[in-house]
Amino acid sequence: MRLRALVCVKAALDPIQPLRVVGSPPEFQAADPQPIFTIGPADDAALEAALSLKENFGAQVTALSLGGPECENVLHQCLAAGCDDAIHLSGDGLAHSGTWNAAECVAAEVSRRAYDLVLCGDASLDDASGAFGPFLSERLGWPLVFSAVEVSLNEQSGQLTLLRLLEHGDRQRVACPLPAVVSINPLGFLPRYRSVLRIEDAEARPIERVPIAGESVESGLQVIEIGPARRRPRRMAVPGAGLSAAQRMQQMMGRGESLKPAVKDKLFEGSVEAAVERIVQYLQEQGFL
Amino acid sequence: MPFCVWVISEGDARRRVGDCTLEALGEGRALADGLAGRVHAVLVGADVSAQCEQVKKQDVDAIYRLEHPLLTHHRAEVWLAVLAGFFTRQSPGLILVSATTLGRELAPRLAARLRSPVVTDCVWIKPGPARDIRLVRASHGGQFQVTYSFPVGGRLVASLRPGVVGIALPTRSRVPEILSWQPGISDEQPVIREISFMPGDPHSISLNEAERIVAGGRGVKDRAAWETIEDVADALEAAVGGSRAAMDLGYIPRSRMIGQTGSSVKPRLYLAAGISGVTHHLAGVEAEHLIAINTDRSASIFRSAALGIVGDLRQVLPRLADKIRALRGKEKARTP
């Protein structure tokens with residue numbers, strides 16, 4: 001049976017253009033009357049992941065975007081890249097109705113059409129909350145694989161095999177049954193080039209429009225200010241007040257110095273063998289060996 | 001009911017509390033103090049005894065131990081089920097998690113299950129003037145910062161970006177209450193099955209993520225001596241770095257240089273061989289344990305080192321690498 005995959009892409013304000021903050025509560029707006037909307041790198045990687053499933057396993061890939069007219073260009077880009085069809089969940093005010101509402105709308109559409117797999121980027125280009133994939137997973141009641149850098153289908157078991165990228169270069173390979181939501185880490189996929197000719201052809205292809213209404217939920221959380229980025233103070237370890245001024249200066253200037261009490265006999269002079277034993281003993285005491 | 005900050009602790013494979021959790025505990029403490037509240041640490045894992053001992057030294061009012069054999073790391077769906085069950089039975093407040101890979105998945109999903117709002121990837125959390133919580137997060141690629149307000153009294157989930165607020169040293173010693181909570185996990189295996197786990201390759205991992213670093217400097221006189229640095233790094237499963245001098249001598253690329261004009265590193269272990277310890281190198285080093293090897297007894301690196309060895313690295317390092325490999329071989333032979 002052919003895998004039916006839905007890839008969600010957001011039409012985000014391209015940050016290369018000047019943005020301004022307007023209104024109360026404050027929100028973003030492009031200074032130019034004809035703003036540029038684009039697909040973010042994470043969503044682009046999700047699109048590439050979906051298309052790789054199409055090429056390698058014959059999956060049917062549908063692109064979906066939610067919002068106003070700005071979604072049209074983004075969906076045409078998806079069709080130009082190779083998606084089989086595209087859906088525009090359209091409605092005024094959807095862009096400001098919040099990530100949870102966006103997930104609700106998409107979940108309703110997914111349930112209506114019986115998809116097996118939903119792919120999305122792990123964070124959008126603009127807000128970058130990273131909450132859409134997790135919210136969608138909760139709303140659908142499907143398992144979520146977060147931060148995937150490789151996706152393939154085990155045709156025998158019908159399960160997905162994915163590689164996740166974690167901290168410190170650690171990686172985890174997992175198997176996940178379908179249906180599932182997969183949140184893609186952009187480090188794993190290089191988006192393919194879309195030629196001008198393909199984009200022009202795609203602009204002639206129809207996009208299915210589904211009108212929906214955006215509903216905000218009152219949660220008590222309010223945006224009270226949007227301003228330029230400014231650095232916040234970062235805590236630093238402060239030497240104890242019980243030390244002398246010279247000792248406190250020494251600690252503040254010696255960045256590599258621990259504020260814990262010094263190891264007894266911390267300076268070692270002796271034979272090479274004894275020095276090696278001393279180092280090994282220290283490493284064992286501190287749990288490195 | 002006093003305001004509570006619930007900090008979900010995240011440990012590593014060696015069962016230590018991560019730096020990101022220490023940052024969250026410090027930020028939570030500052031917030032709770034400003035709102036006359038409490039800080040509760042929530043430790044989740046198969047065995048959290050080591051984490052509990054570390055968290056006791058932080059300024060927390062209570063520690064909750066949630067232990068079960070299935071609660072190993074990187075099992076977000078199991079953590080989620082346990083934490084959702086736990087928090088529905090606790091007083092509301094701020095649930096704070098670090099914005100690690102686990103936290104970025106956990107925070108929105110937990111908020112959805114608890115029907116609470118969520119603010120992800122915060123860079124700053126402080127008490128507001130109107131008995132509210134003020135949270136700041138970056139937006140649009142860091143060009144802007146968005147400030148949110150949430151009144152005290154409800155439940156909010158937030159994730160804190162690691163490495164931004166810094167770790168606060170506890171200013172008070174407080175004896176926390178320690179409570180155990182028995183998670184009810186069904187015997188069914190989680191839906192997502194782990195096939196394999198691959199630790200990061202120390203040769204290619206970014207220096208600012210490396211837990212262990214072996215670094216060389218001007219005291220490494222030739223290529224043969226530099227190979228002893230790489231040999232010890234291999235034995236210790238550590239990344240290789242160096243001072244500016246090592247880069248100028250061609251032993252390391254620019255990406256592996258540590259110092260004021262290079263990478264800033266925060267490893268658990270920093271083994272510095274043939275490095276004098278000038279300020280512009282040590283400005284990039286914030287190590288938990290610094291071991292220095294140098295022939296010059298008066299080298300300034302010894303003032304910063306937890307253990308200093310006055311000796312020739314060309315003699316010490318090869319024997320050290322052999323000794324570590326021998327110990328590792330014995331350990332592997334003992335482990336079935």
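Two strands pair if DSSP finds at least two bridges between them. Helices (H or I, at least four residues) and strands (E, at least two) are themselves DSSP runs, numbered from the N terminus. Keep both in mind for this tour of a predicted model, in which local features need pLDDT of at least 70, side-chain atom pairs count only at pLDDT 80 or more, and totals for chains, interfaces and linings use all residues. Residues are numbered from 1 along each chain as its sequence is written, chains are lettered from A and ligands numbered from 1 in the order in which they are written, and side-chain values use heavy atoms, with hydrogens and water left out.

**Stop 1: chain A**

Colour chain A by secondary structure, and you can look for seven helices and 15 strands. Of its 289 residues, 48% are buried (under 20% relative accessible area; exposed is over 50%, partly exposed in between, with a 1.4 Å probe and protein chains only). Contact here means heavy atoms within 4.5 Å. Among contacts in chain A between residues at least 6 apart in sequence, 68% join residues at least 24 apart.

**Stop 2**

Now select the ten strands of an open sheet, in the order β13(A)-β7(A)-β6(A)-β1(A)-β8(A)-β12(A)-β9(A)-β10(A)-β11(A)-β10(B), with mixed pairing. At its edges are β13 (208–211) of chain A and β10 of chain B, each pairing on one side only. Neighbouring strands are turned by 30° against each other on average, direction ignored.

Zoom in on the place where the chains meet in this sheet. Strand β11 (residues 171–176) of chain A pairs with β10(B) in the antiparallel sense, over five bridges. Pick R171(A) there, and you will find M198(B) of β10(B) opposite.

Helix α2 (residues 71–81) of chain A touches β6 (60–67), β7 (85–90) and β13 of chain A, and its direction makes about 170° with that of β6(A). Helix α3 (residues 99–113) of chain A touches β1 (4–8), β6, β7, β8 (117–121) and β13 of chain A, at about 145° to β6(A). For these angles, axes are lines fitted to C-alpha atoms, for helices over the stretch in contact, and angles run from 0 to 180 degrees between N-to-C directions.

**Stop 3: the interface**

Show both chains together. In this view, 90 residues of chain B are in contact with 84 residues of chain A. The area buried between them (the accessible area, 1.4 Å probe, that two parts lose on being put together, summed over both) is about 7,900 Å², and carbon and sulfur atoms give 57% of it. Which residues of chain B lose the most area to chain A? They are T101(B), H140(B) and Q145(B), together 9% of what that side buries.

Select strand β7 (residues 144–151) of chain B. Seven of its eight residues are buried, so this strand is largely enclosed by the rest of the structure. Strand β14 (residues 222–228) of chain A runs antiparallel to β7(B), joined by six bridges, and E225(A) stands opposite T147(B). Strand β6 (residues 132–139) of chain B is also antiparallel to β7(B), with eight bridges, and here A138(B) stands opposite Q145(B). β6(B) and β7(B) form a hairpin with four residues between them, and H140(B) in the turn has a positive phi of about 50°.

**Stop 4: aromatic rings in chain B**

Select W6(B), Y64(B), F86(B), F87(B) and W181(B), which ring pairs link into a cluster. Rings of Phe, Tyr and Trp (its six-membered ring) pair if their centres lie within 6.5 Å; planes under 30 degrees apart count as stacked, over 60 as edge-to-face and the rest as tilted. By this rule there are eight aromatic pairs over all chains. F86(B) and F87(B) make an edge-to-face pair, 5.1 Å centre to centre with 75° between the planes. Are these two residues buried or exposed? F86(B) is buried at 0% relative accessibility, and F87(B) is buried at 1%. F86(B) also pairs edge-to-face with W181(B), at 5.2 Å and 75°. That pair links distant parts of the chain, 95 residues apart: F86(B) lies in helix α3 (residues 76–87) of chain B, and W181(B) in the loop between β9 (177–180) and β10 (193–198).

**Stop 5: one last residue**

Finish at S263(B), in the loop between α6 (244–248) and β13 (269–273) of chain B. S263(B) is buried, with a relative accessible area of 17%. Not counting residues up to four places away in sequence, S263(B) touches L207(B), S255(B), M257(B), I258(B) and G284(B).
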